[in-house]
Amino acid sequence: MKRSLRVAFAAGVALAIGSIPAVAAWEPVRPVEFIVPAGTGGGADQMARTIQGIVTKHNLMKQPLVVINKSGGAGGEGFLDVKSSAGNPHKIIITLSNLFTTPLATGIPFSWKDLTPVAMLALDEFVLWVNAEKPYTSAKDYLDAVKQASGTLKMGGTGSKQEDQIITVAMEKATGAKFTYIPYKGGGEVAVQLVGNHVDSTVNNPIEAVAQWRGGKVRPLCVFDDKPMSYDEQITDGKAWKDIPTCKSQGLDIEYLMLRGIFMSPRATKDQIDYYVELFKKVRETPEWQDFMKTGAFNTSFMTGADYAKWVETEEKRHELLMKEAGFLASN
Amino acid sequence: MEELANLFHGFAVALQPFNIMVMILGIVLGVIIGVLPGLGGANGVAILLPLTFSMPPTSAIIMLSCIYWGALFGGAITSILFNIPGEPWSVATTFDGYPMAQQGKAGEALTAAFTSSFVGALFAVVMITLVAPLVASFALKFGPAEKFAVYFLAFCSFVGLSKEPPFKTIAAMMIGFALAAVGLDSITGQLRLTFGITELLNGFDFLIAVIGLFGIGEILLTMEEGLSFRGGNAQINLRVVLQTWKEMPAYWLTSLRSCLIGCWMGITPAGATPASFMSYGIAKRVSKRGKNFGNGEIEGVVAPETAAHAAGTAALLPMLSLGVPGSPTAAVLLGGLLIWGLQPGPMLFVEQKEFVWGLIASMYLGNLAGLLVVLTCVPIFAAILRIPFSIIAPLILVLCAIGAYSVHSSTFDVVLMLVFGVLGYLFKKCGYPLAPLVLAIVLGDKAEEAFRQSLLGSQGSLAVFFSNGLVSTIMVLGLIALFWSAIQEGYGRLRTSAV
C-alpha cells in the first residue's frame, strides 16, 4: 500500500519533470560515462548507481548514463582517465576524499585543478562506532580504554592513508591515545569486522553501518561534525541519527566531512557545466534521492560554481596539512 | 516450520506470470553474458541493473539473480569448448572439460557441467532455506586470520596434488604472486612495481591474464599444430544429455563433497574461485580415477562446477543477512537492494519477509529454468566445434579482445592480453603448469592482505594463526594437504616394513 503510493508519487514527479522543456543550450549527443574512482558496492558506487537509476527512471537525460568503476591505485586510475579526456564533455566523475588523498599519498601526477568542478551533491558524515556488546557508552569511556590498552585496541577502516586513517591519526593527536589501524578494502567489510569483534572500533559512514545499528549489533558514540545530524526518524531502540552527540561535545575536537561531488573533464564550456548542474538539481528533487539521503544520514549541502571550487580548495589545503602531520605524504 | 510456510508464500510470489517472464529473460541474458569472456556476471548485472528500476523490488531481484544464474551456467560453455574461462571460477572446469571437448565429448562435458552446477546451487539454496540465521552468525567468526587460513588451505590443497614437477609448480606460482603484487599496496597505500606507468596502477587484472593465457595461448598452440579443432565429431543430439545423466549418479560422493566445500567457502566468504580449485584438488587426490584427471575425466568437471555454484549461491547469504557481499556480483546486487530502499542486514529477514522468501523461491525456480534452457541448447553449443578453425579462430580472437577491453574500457588491456597470450604459449611449450600461476594471480593479493592485516592486529606475532580452534583447524588441514604425498608415502613404507 505504502509502496504503491510512493510509486504513484514518483510517476507524478516524473511526468512533471518530463513536461518541462529542456532549457540548457548544450546537451550530450552520445552516452555519458559516469566514472566511479572506487570499487563496486562502496559508498561512491552506491551513490553513482542511485543517480543512474533516478536519471533512467525519470527520463532526465536523452542519452544513457553509464556507470564505470575505475578503482585502480586508490582511484588514481579514474582521475587520470578523466584528466586525459580534455574537451570531452561526455565524461563525469563522482569523487570522495581520495580526490585529495590519492595524489598526496602516492605522488601520481594529478590534482583536482586538472578537472572542471560541477557540483557538490552532499557531504558524508563520519561516526565513531563500537561493538554493542562492549561496555563503552561514550566517546570518553572508549578513549580512556584505548589509552589504558596502550596501542593494542584495533581501529578498522577503509583503505590506507585515506579518510578513515586520517581521522584515526587526528584522534591520536587530540587525545594521546594509540590505536592499531587495520586497513580493509571496503566500508561494508569494516562494519562486519566490528560486529565479529575482529576490530574494536570504526569510523564508518552512516550508510555503511546503518544496517548493523538497526540490528542492534553496533553502537554509535559520536559524530565528527560541528552539529548533530538532522534526521530524527527512529532507527533502533528509540534512537535516531539526531541523538548521536558531536565528538566536540564529548571533548574530542575533530570535524571531518567527506565530499560527494561531481567533476567533469578539463576544458568544459560554461554551457556544458550548466547542463550537468541543472541535471543534478533535478536529481536532487526526486523522492528517491531524498530517501537515499535519509538512509545514509547525509549532510545535504549543495554548491556549484565558484563557491564549490573555493570549498574544494580549502579542503585540499586542510588535507595536505592533515596528511603532512600524519606523515602520509609520498616521499618523492 | 515457519520457514516452510514462508517459502511456499515465496513460491506463490515467484510464480506470478510477470515474474516467470522476467525469470526466463534474465536467464537468457545471463547465459549471453557468461559466454562473452571478460564481461562476467558482475559487469553484466551492473549494466542491466537500471533496466530493473521500474519494476517492483521482488521482480527486480528475481531478474537480477536470474542473470546471475545464467552467467554462472554460461561461464562453463567457453571453458569447455575453447579453453577460455568466462569467469574466474570456470578456470578449474577447463582442466578436464577442454580435453573432453577435444576428444569429441563436448556434449557430455557440457551436460555434466550444467547438471553439477544445478546440483551445487540447489544444495546451497536448501541450506539457505533451512539454516540461514545459524549460518550467518558463523560468517561473523571470520576475521583476517581465518580468511588467510582459508586461502592458505586453497593454495596447499592445490600445490600438494600437482602432477608436474614441484619446482615447476612453485616457479609458476611465484610468477603469479609477483604479478599479483603489482599496483597499489592496500596496507601501506603505496604504489608497488608500477615503474611510473600509470596503466599499471590497477595491477594485472585476473580476467585479462586468463583470457590471454588460456584463450590466446590456446589459439597460438592450435595454429602451430595445424589449424584443426579437435572434437568436431561431437555428438549433437539431445540423447547425449540422457546418456550423461545415467553416468552421473556414480559421482555422488564427489558431488556431495564439492557441495559442502562450496557452501563453506561461499559463506566464509572466500568465494567461488578458491572453492572450485579446492574441490578439484581434493577430488583429484581422493578419486579412484584421480591419476587420469586433466586428460578429460568427467569427474574433473563435476567437482569444480558443483563447488563453484554452491559457493556462488551461498555467497548471497552473507550479503542478505550481514550486508557483506561474498562475490563481486553480490556486491552489485547489494547496490541494487539499496536503490530499491531495502537495507540488507540482520533486520532484512524480519522486516522484508516477502522479498527475502520471494528471492529464495526464485533461486529454486531460476536454477531449474536455467538448467532447462542450457540443456536444450547443448547440441547447439557442441555444434559450434564443427565450424572450421580458420573461421572460428578470428571470431574467438575478436571475442577475447572485446572481453579484455570491456573489463576496464582500456585498450592497454588488449595489448596486455596479447602479451599474456605469448606467455601462456611459452608456459605450455616448456611444460610449466598454468593453473598455479592463475591461482596466485587471483588469490595472491587477497591472501597477502589478510596475512598482513592479521599480523597488524597481533602486533606481529605469528601465533595469531593458531589462536583459536577454528583458525588452527584450517591451518592444520592446509599443512596436511601440502605434505599429503609425503605423508602417504611414509604411511606406505610403514605398512610395507610392518609386513
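Tutor: Strands here are DSSP runs (E, at least two residues), as are helices (H or I, at least four residues), and both are numbered from the N terminus. A word on the source: this is a predicted model, in which local features need pLDDT of at least 70, side-chain atom pairs count only at pLDDT 80 or more, and totals for chains, interfaces and linings use all residues. Residues are numbered from 1 along each chain as its sequence is written, while chains are lettered from A and ligands numbered from 1 in the order in which they are written.

β5(A) also pairs with β9(A), again in the antiparallel sense, over five bridges. There A:Leu128 has A:Cys222 of β9(A) as its bridge partner. Because four of its five residues are buried, β5(A) is largely enclosed by the rest of the structure; buried means that 20 or more other C-beta atoms, placed from the backbone, lie within 10 Å of the residue's own.

Now step back to the whole sheet. Five strands of chain A form an open, mixed sheet in the order β7-β6-β8-β5-β9. Its edge strands are β7 (180-184) and β9 (218-223) of chain A, each pairing on one side only.

Which helices lie across β5 and β9 of chain A? Helix α5 (residues 139-149) of chain A lies across β5 (127-131), β8 (201-202) and β9 of chain A, running at about 100° to β9(A). Helix α8 (residues 206-214) of chain A lies across β5 and β9 of chain A, at about 140° to β9(A). These angles run from 0 to 180 degrees between N-to-C directions, with axes fitted to C-alpha atoms, for helices over the stretch in contact.

Finally, the domains: chain A is assigned domain 1 (32-124 + 258-326) and domain 2 (127-250), with bounds from an automatic or database domain assignment. Their contact takes 18 residues from domain 1 of chain A and 19 residues from domain 2 of chain A, where contact means C-beta atoms, placed from the backbone, within 7 Å.

Conventions. Two strands pair if DSSP finds at least two bridges between them. Two residues are in contact if their C-beta atoms, placed from the backbone, lie within 7 Å. A residue is buried if 20 or more other C-beta atoms lie within 10 Å of its own, exposed if 12 or fewer, and partly exposed in between; C-beta atoms are placed from the backbone.
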